[in-house]
Amino acid sequence: MKYYIIAGEASGDLHGSNLMKELYKQDATADIRFWGGDLMQTVGGTLVSHYKERAFMGFFEVLKNIFKVVGFIKFCKKDIAVFQPDVLIFIDNSGFNLRVAKWAKAAGFRTHYYISPQVWASRAGRVKDIKRDIDKLFVILPFEKDFYKKHDCEVAFVGHPLIDAIADRTQVSENDFRKEHALSTKKIIALLPGSRKQEITEMLSVMLSLIDDFSEYQFVIAGAPSQDFSFYKQIIGEREVAFINNKTYDLLSVSYAALVASGTATLETALFKVPQVVCYKGGYISYQIAKRIITLKFISLVNLILDKEVVKELIQEDFNKQNLKVALTNILELSNRENIFLNYFDLEKQLGGKGASKNVASQIVAALK
């Protein structure tokens, strides 16, 4: 069968790559064409467009690049029409994917969506578009099934793919990891400032401002695969901080604490059982718009799933050196860490066991027979 997959950002590339592996296992002669990244390209198939070409963050940033966005959507539709896939698989990236899905469904293509658009966070009215344009929706967060049920929309909860991604990774020896990257014996504080230039620029300098206040720890930046070190160097300047590119899971596995940009990384950090402070700072206009349409109590997936504040969130104006120093100090104290760990274990139970990618692939392949 012919599969056309559209993913955006590093997390979409990760989950897309694992889905592709399962599709190839269940359909050995699968012809896969995709929009994604390096991980998906390593699995096989044909890469049409890399996600870093479309990495626009926030409402204002998308508006500034609207002609590029429209051009990508137009090209995507043409490419699908030429390829004539048996099924389209959309992964997250709702701003782009829902627009393509509307056209694709009207054009008669079978449409599946893996990892629900966050309509439960804002603009719930988009559920009607999903019901109209998507043949089957696979969700990965436990509360999503109930949300869609309230809107008379049947979905399949398949578990969270991060469980597989973390469980299947090659284990790293802490001693070997430290030697390989010339790290000291100090406890590590990992810095995960995101993957897009805009969020890294907004957050990394504030994170780095704490180095002198926590000299007994070693700060290590988790570099995103989509960005070159030269970009980070402009922000790092002369500060003494380690930089490790494209090895976030290895870094988290040996970290004592972490400062993390809001997004999938907050859940990854929790699954590695690393106490964290969640950080978010966006462009002024984009944030003002988001604040008015997002109705959630929390921004981190950890807190959303557990429906309580397990990890501290510092958002926009609250994300500053003074508040970050207090929050980091709190998660370094032994008396606070035990409760965080207990909540993390509860979180993992709610996410279900392994097999999300296999579950999705099985249902997609079965629907094509």
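Biologist: What should I keep in mind before we start?

Modeller: The model is predicted, so local features need pLDDT of at least 70 and side-chain atom pairs count only at pLDDT 80 or more, while totals for chains, interfaces and linings use all residues. Residues are numbered from 1 along each chain as its sequence is written, and side-chain values use heavy atoms, with hydrogens and water left out.

Biologist: Which order do the strands of the open sheet have?

Modeller: Strands of a sheet pair through backbone hydrogen bonds, either parallel or antiparallel. Here, helices (H or I, at least four residues) and strands (E, at least two) are DSSP runs, numbered from the N terminus, and two strands pair if DSSP finds at least two bridges between them. The open sheet has seven strands in the order 3-2-1-4-5-6-7, with parallel pairing. Strand 3 (46-50) and strand 7 are the edges; each has a single partner strand, so one side of each lacks a neighbour in the sheet.

Biologist: How many bridges join strand 1 to strand 2?

Modeller: Five bridges link strand 1 (residues 2-7) with strand 2 (residues 31-36), and I6 stands opposite W35 of strand 2. Further along, strand 5 (residues 111-114) and strand 6 (residues 136-139) share three bridges, with Y113 partnered by L137.

Biologist: Which hand does the β-α-β unit of strand 5, helix 6 and strand 6 have?

Modeller: A crossover is right-handed if, with the strands pointing away from the viewer, the path from the first strand over the helix to the second runs clockwise. The unit made by strand 5, helix 6 (residues 127-133) and strand 6 is right-handed. The crossover from strand 6 through helix 7 (residues 144-150) to strand 7 is right-handed too.

Biologist: At what angle do the axes of helix 16 and helix 17 cross?

Modeller: Axes are lines fitted to C-alpha atoms, for helices over the stretch in contact (heavy atoms within 4.5 Å), and angles run from 0 to 180 degrees between N-to-C directions. The axes of helix 16 and helix 17 (residues 334-350) come within 5 Å and cross at roughly 80 degrees. That makes the two helices roughly perpendicular (65 to 115 degrees; under 35 is roughly parallel, over 145 roughly antiparallel and the rest oblique). Among the residues that meet there are N330 in helix 16 and R337 in helix 17.

Biologist: Which residues of helix 10 are buried?

Modeller: Buried means under 20% relative accessible area, exposed over 50%, partly exposed in between (1.4 Å probe, protein chains only). In helix 10 the buried residues are E199, I200, M203, L204, V206, M207 and L208.
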